[in-house]
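Here's a quick briefing on a single chain.

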Amino acid sequence: MSLRGVGIDVADIRRFARLLAMRGSGFAVLWFTEAEIAQCMATATPATAFAMRYAAKEAVWKALGPGEWSGSLPWRGISVLEGASGQLEVTLEGPAAELAALGGVTVVRVATVPGPKMAIATAMAEGAPTR
């Protein structure tokens, strides 16, 4: 595999705690898939889970290198779910998948770290080696 792009982002956990307190999980439908919402709400700290996934989505978008992208960020087209191994796994759909294909990206890996106030995420976009 060849590295095609790297992204990093930070999200404020307190912001997501406020959103949850004001609107419940209803706020999340703009940014997250149903599966992501279900996983986040099933944790002991949903605000942290939402913040980590939000930061991961931003990091993935940066790793894909949108350049002159003129559309809105395809939040729900980037899915970050906990897989069977417990690791976060990325699935791309729609414009995010199209952008990945254009850049030769075949896999995107993410790692997240929750802090007391902020969640940090990194993403690496990988593809077949170029000649």
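Helices here are DSSP runs of H or I with at least four residues, strands are runs of E with at least two, and both are numbered from the N terminus. On that basis, this predicted model reads β-α-α-α-β-β-α-β-β along the sequence. That comes to 4 helices and 5 strands.

**Overall shape**
- Along the principal axes, the C-alpha atoms take up a box of roughly 50 × 30 × 25 Å.

**Packing and surface**
- Buried residues make up 44% of the 131 in the chain.
- Take the contacts between residues at least 6 apart in sequence: 59% of them link residues at least 24 apart.

**Charge**
- There are 12 positive and 11 negative side chains, and the centres of these two sets sit 6 Å apart.

**A closer look at E36**
- You'll find E36 in helix α2, which covers residues 34-41.
- Is E36 buried or exposed? E36 counts as buried because its relative accessibility is 0%, and the cut-off for buried is under 20%.
- The side chain of E36 makes a polar contact of 3.0 Å with the side chain of K57.
- Setting aside neighbours within four places in sequence, E36 touches W31, R53, K57, I78, S79, V80 and L81.

Technical notes: Residues numbered from 1 in each chain as written. Predicted model: local features only at pLDDT ≥ 70, side-chain atom pairs only at ≥ 80, totals over all residues. Heavy atoms only, no water. Buried < 20%, exposed > 50% of the residue type's maximum accessible area, 1.4 Å probe, protein only. Contact = heavy atoms within 4.5 Å. Lys, Arg positive; Asp, Glu negative; His and termini not counted. Charge placed at Lys NZ, Arg CZ, Asp CG, Glu CD. Polar contact = N/O pair within 3.5 Å; in protein donor to acceptor, adjacent residues only side chain to side chain.
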